Amino acid sequence: GAVVSQHPSRVICKSGTSVKIECRSLDFQATTMFWYRQFPKQSLMLMATSNEGSKATYEQGVEKDKFLINHASLTLSTLTVTSAHPEDSSFYICSARLTGSDSPLHFGNGTRLTVT
Amino acid sequence: QKEVEQNSGPLSVPEGAIASLNCTYSDRGSQSFFWYRQYSGKSPELIMSIYSNGDKEDGRFTAQLNKASQYVSLLIRDSQPSDSATYLCAVKRKAAGNKLTFGGGTRVLVKP
């Protein structure tokens, strides 16, 4: 099956610093990847759609200048949380699907971000 | 009305029993439906996908889709303690393009 690798799995950073999270599709090419955020006891909320070779599409309410997304290749998308604050502490999960828009999403293992 | 609704639970079932989870959705044009299982602190993993009305079985899991009534359900037969998790219903909504919308999840507790 499809494998999506996400790194790091856990990161603790100080307020005001930036954190980069990588998402790789290991055995398939993903022209589109999706970044989700999940707060405790809540469901997944889509933050943005990452498009290879073009700008990401952000969901309403998500600051594009704060959450920088780069999708430079067919197997790698990165999410950078800039000037992180404690309220950005959350579980960030990337996902991708195999070819075909009806294919299910496969998720990376997630990144637990804690901003102190 | 939320786009995808689930009872948050917890749904407590004895080991060996059937767990029945329901999910309703608001967009009648929705095309694809998925059930994910999420253990605490982990990312979701796909259990089932279903695209047409009726039942789809995979091992101990059965997904049921009724587009006319706009609901999709998941049955877990012979529930095991390892099935204790949060189950997320996800719907690909026609109005939302290629994106999935997730329900809030139902927490299932299987008691030995």
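**Entry 1. Disulfides**

I take a disulfide to be a pair of cysteine sulfur atoms within 2.5 Å. I searched the whole structure, which is a predicted model, and the search gave 2 disulfides over all chains.

In chain A, Cys23(A) is joined to Cys94(A), S to S 2.0 Å. I read 80 degrees about the S-S bond, and this link of Cys23(A) and Cys94(A) is right-handed. Cys23(A) lies in strand S3 of chain A and Cys94(A) in strand S9 (residues 90–97) of chain A, so the pair ties together parts that are 71 residues apart in sequence. I use "strand" for a DSSP run of E of at least two residues, and a helix would be a run of H or I of at least four; both are numbered from the N terminus. Cys23(A) and Cys94(A) are both buried. Buried means under 20% relative accessible area, exposed means over 50%, and partly exposed lies in between (1.4 Å probe, protein chains only).

In chain B, the sulfur atoms of Cys23(B) and Cys89(B) are 2.1 Å apart and form a disulfide. The link of Cys23(B) and Cys89(B) is left-handed, with -70 degrees about the S-S bond. Cys23(B) is in strand S3 (residues 19–25) of chain B and Cys89(B) in strand S9 (residues 85–92) of chain B, 66 residues apart. I noted that Cys23(B) and Cys89(B) are buried.

Cys13(A) is buried, with a relative accessible area of 9%.

**Entry 2. Ground rules**

I wrote down that residues are numbered from 1 along each chain as its sequence is written, and that chains are lettered from A and ligands numbered from 1 in the order in which they are written. In this predicted model local features need pLDDT of at least 70, side-chain atom pairs count only at pLDDT 80 or more, and totals for chains, interfaces and linings use all residues, while side-chain values use heavy atoms, with hydrogens and water left out.

**Entry 3. A sheet in chain A**

I looked up an open sheet of 4 strands in chain A, with the order S1-S3-S8-S7 and antiparallel pairing. Two strands pair if DSSP finds at least two bridges between them. Strands of a sheet pair through backbone hydrogen bonds, either parallel or antiparallel. The edge strands are S1 (4–7) and S7 (67–73) of chain A, and each pairs on one side only.

How many bridges join S3 to S8 in chain A? I found 6 bridges between strand S3 (residues 19–25) and strand S8 (residues 76–81) of chain A, which run antiparallel. Arg24(A) stands opposite Leu76(A) in S8(A).

**Entry 4. Aromatic rings**

Rings of Phe, Tyr and Trp (its six-membered ring) pair if their centres lie within 6.5 Å; planes under 30 degrees apart count as stacked, over 60 as edge-to-face and the rest as tilted.

Tyr36(A) and Phe102(B) form an edge-to-face pair, 5.5 Å centre to centre, with 90 degrees between the planes. Tyr36(A) lies in strand S4 (residues 32–38) of chain A and Phe102(B) in strand S10 (residues 100–102) of chain B, so the pair joins two chains. Tyr36(A) and Phe102(B) are both buried.

The rings of Tyr36(B) and Phe102(B) have their centres 5.7 Å apart and their planes at 50 degrees, so this pair is tilted. Tyr36(B) is buried, as is Phe102(B). I also noted one aromatic cluster formed by Tyr36(A), Phe107(A), Tyr36(B) and Phe102(B).

**Entry 5. Backbone details**

I found a cis peptide bond from His7(A) to Pro8(A), with omega near 0 degrees. Pro8(A) is in the loop between S1 and strand S2 (10–13) of chain A. The peptide bond from Gly9(B) to Pro10(B) is also cis, with omega near 10 degrees.

Is Lys41(A) buried or exposed? Lys41(A) counts as exposed, at 89% relative accessibility. Phi of Lys41(A) is near 60 degrees, a positive value in a residue other than glycine. Lys41(A) lies in the loop between S4 and strand S5 (45–51) of chain A.
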